[in-house]
Amino acid sequence: MATIEWHRILQTDSIQRMAELIRRELNLWVGFLTIDGQHTWIGTAQRTDKPLCDAFMIRNDAQTCIANYREWIGEISPSAPVSLFMQCHAGMQGIIVPIVYNAECVAAFFASGFVFADADDPDSAILERGDFLHINRATLAHGCRELVRLTRRESQLLRNFLEEMAVYTARCLEQFEASEQRSHDPIMWGAASAPFASFIGRSTIMQSVVDQAKHASCSQSPILITGEPGTGKTRLAQAIREASYRRTSPYVVMNCDGNDVESLESELFGHKRGTSANAFIDKLGLLDIADKGTLLVKNVDAMPLCTQTKLAQVIENGCFLPLGDVVLHRVDVRIIATTTRNLDSLVEAGEFSRDLCEKLCVVPIHIPALMAHAEDIADLCQYYIDIKCKACKRQPKTIANDALVVLCKYLWPGNVRELENEIERIVVLSGSSPIIGIDDIAPRIRSATQSIVPPHAHAISPEQLLARYKSLADMIDAVEHEIIATALAQNNENRTQTAKLLKISRRHLVRKLEGYRKRDS
């Protein structure tokens, strides 16, 4: 069975109505947990009006409620999955009900934050644990007064509701699997490829990137997208979001460049009025705005260390304190971060939080430089010609072979972004001509490629070139190898100076040289 869009089930009227009934009648929220530990709240996200949960979350953040739920689902027997009442780290009760499909536990519903009303002194365990963590007695006493106390009848009613939700979900899974077998219903994740249509390329390396992104869109794990400037990191992040179940939820973008600590934290977490000289009103942070959706953090390497630590806690706990506030905010946000730098190196240098790096690198995706998949340049050129002609309301155009050869030989230090901008310039300035010729290409590109065009290129036919090199990719690779070798010789094998001469990054140059060495060995 393909990966399931769980949100389609959780958003059905039956599930939403039963969850709302539990919230209204028992003052409890219903959560959903997959077998691999991903969780979400059903209906309105859980807010911070449970003082005991807030107090224990602040003082005992290493053992969070989410960690409890993940432990609970591990307690369910695979061979005989049944509902379980469990005790959380704060001394309160919870219940977890398995969703059984094909005789296996595939997910679960849960509810927690209550005690049994007829238990002997149910507050004592809470007070004892609170004293151990040095939580203020007044806070504990207030929390116990506000605590949900279920009678045995109410607790049984809660179990029945959750089990009914689980049975209904299992029936939905059966229907979805039958639908998939008949027609590959788009309810399943495998059909969600349209968001990645702009990632053109037949190369193995780009196919691998797109496959990774499609799989990542199915999960709720944080994603780190790396790559040189202009490779399409932001575009890939948006495609992942559009392929995920959060595609109809908020999509918020934050750029970490050029912000001081205070302004960045105010933008991310929000602030209360009077927190600073410029805080005239309460401000809602981007995390609150992105609740139930996706937050893209661009250039995460530029984020101050103290803010990195707070963001790591948000990823771990799903909660944070706005500046100047005393009430925790809980959010359900999927974090996608981008960077052009190597975070592992920054961690070793003490310039980046190891905790945040580890949390972001759960799903790392690296987009290669354009010259690493130069065989895709021809397809990319025609793709951008088509969409730019439509945008400029021009007749369709094609590109001449000699012009295409020049574009394919250029090193493209600005990667796909530079290629797209050049194609747009060509389309705008080429007028009504249906053919894009070599004279339409920018002089800087023509002059940069003149020295690398083989002297016999204009003396033999394209068929002879293909016979010599077998493919355009082989020809480009051979010429590129020769250029790099010549540049290295001119700079006495100094890789840094060679990279500057070729207008590429040193890391890109080293990667190329390693590829040549492996191929020749």
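Biologist: What are the ground rules here?
Modeller: This is a predicted model, where local features need pLDDT of at least 70, side-chain atom pairs count only at pLDDT 80 or more, and totals for chains, interfaces and linings use all residues. Residues are numbered from 1 along each chain as its sequence is written, and side-chain values use heavy atoms, with hydrogens and water left out.

Biologist: How many helices and strands are in the protein?
Modeller: The protein has 22 helices and 17 strands. Both are DSSP runs numbered from the N terminus: helices are H or I with at least four residues, strands are E with at least two.

Biologist: And what share of the residues is buried?
Modeller: Buried residues are 49% of the 521. Buried means under 20% relative accessible area, exposed over 50%, partly exposed in between, with a 1.4 Å probe and protein chains only.

Biologist: Which residues touch the most other members in the largest nonpolar core?
Modeller: Ile22, Ile42, Phe109, Leu158, Leu162 and Met165 do, in a core of 33 residues. At least two core residues come from each of α1 (6–10), α2 (13–26), β4 (93–101), β5 (104–116), β6 (148–150) and α7 (152–183). A nonpolar core here is a set of buried Ala, Val, Leu, Ile, Met, Phe, Trp, Tyr and Cys residues joined through side-chain atoms within 4.5 Å.

Biologist: Which element gives the most to this core?
Modeller: α7, with nine residues.

Biologist: What is Ile42 in contact with?
Modeller: Leaving aside neighbours within four places in sequence, Ile42 is in contact with Leu10, Ile15, Gln16, Ala19, Val30, Gly31, Phe32, Phe109 and Met165. Contact means heavy atoms within 4.5 Å.

Biologist: Switching to helix pairs. How do α8 and α9 cross?
Modeller: The axes of α8 (residues 204–217) and α9 (residues 233–243) come within 8 Å and cross at roughly 45°. Axes are lines fitted to C-alpha atoms, for helices over the stretch in contact, and angles run from 0 to 180 degrees between N-to-C directions. The two helices are therefore oblique to each other. Under 35 degrees counts as roughly parallel, over 145 as roughly antiparallel, 65 to 115 as roughly perpendicular and the rest as oblique.

Biologist: Which residues meet there?
Modeller: Val209, Ala213 and Ser217 in α8 meet Leu236, Ile240 and Ala243 in α9. By class, that contact has five nonpolar, one polar and no charged residues. Ala, Val, Leu, Ile, Met, Phe, Trp, Tyr, Cys and Pro count as nonpolar, Asp, Glu, Lys and Arg as charged, and the others, Gly among them, as polar.

Biologist: What about α10 and α12?
Modeller: The axes of α10 (residues 261–269) and α12 (residues 305–317) come within 10 Å and cross at roughly 15°. These helices are therefore roughly parallel. Val261, Leu264, Glu265, Leu268 and Phe269 in α10 meet Cys306, Thr307, Lys310, Leu311 and Val314 in α12. That contact has seven nonpolar, one polar and two charged residues.

Biologist: Where is Gly285?
Modeller: In the loop between β10 (283–284) and α11 (286–289). Gly285 has 0% relative accessibility, so it counts as buried. Its C-alpha atom is 4.9 Å from that of Leu268, 17 residues apart along the chain.

Biologist: And Lys359, buried or exposed?
Modeller: Lys359 counts as buried, at 16% relative accessibility. It is found in helix α14 (residues 354–360). Leaving aside neighbours within four places in sequence, Lys359 is in contact with Pro222, Ala312, Ile315 and Glu316.
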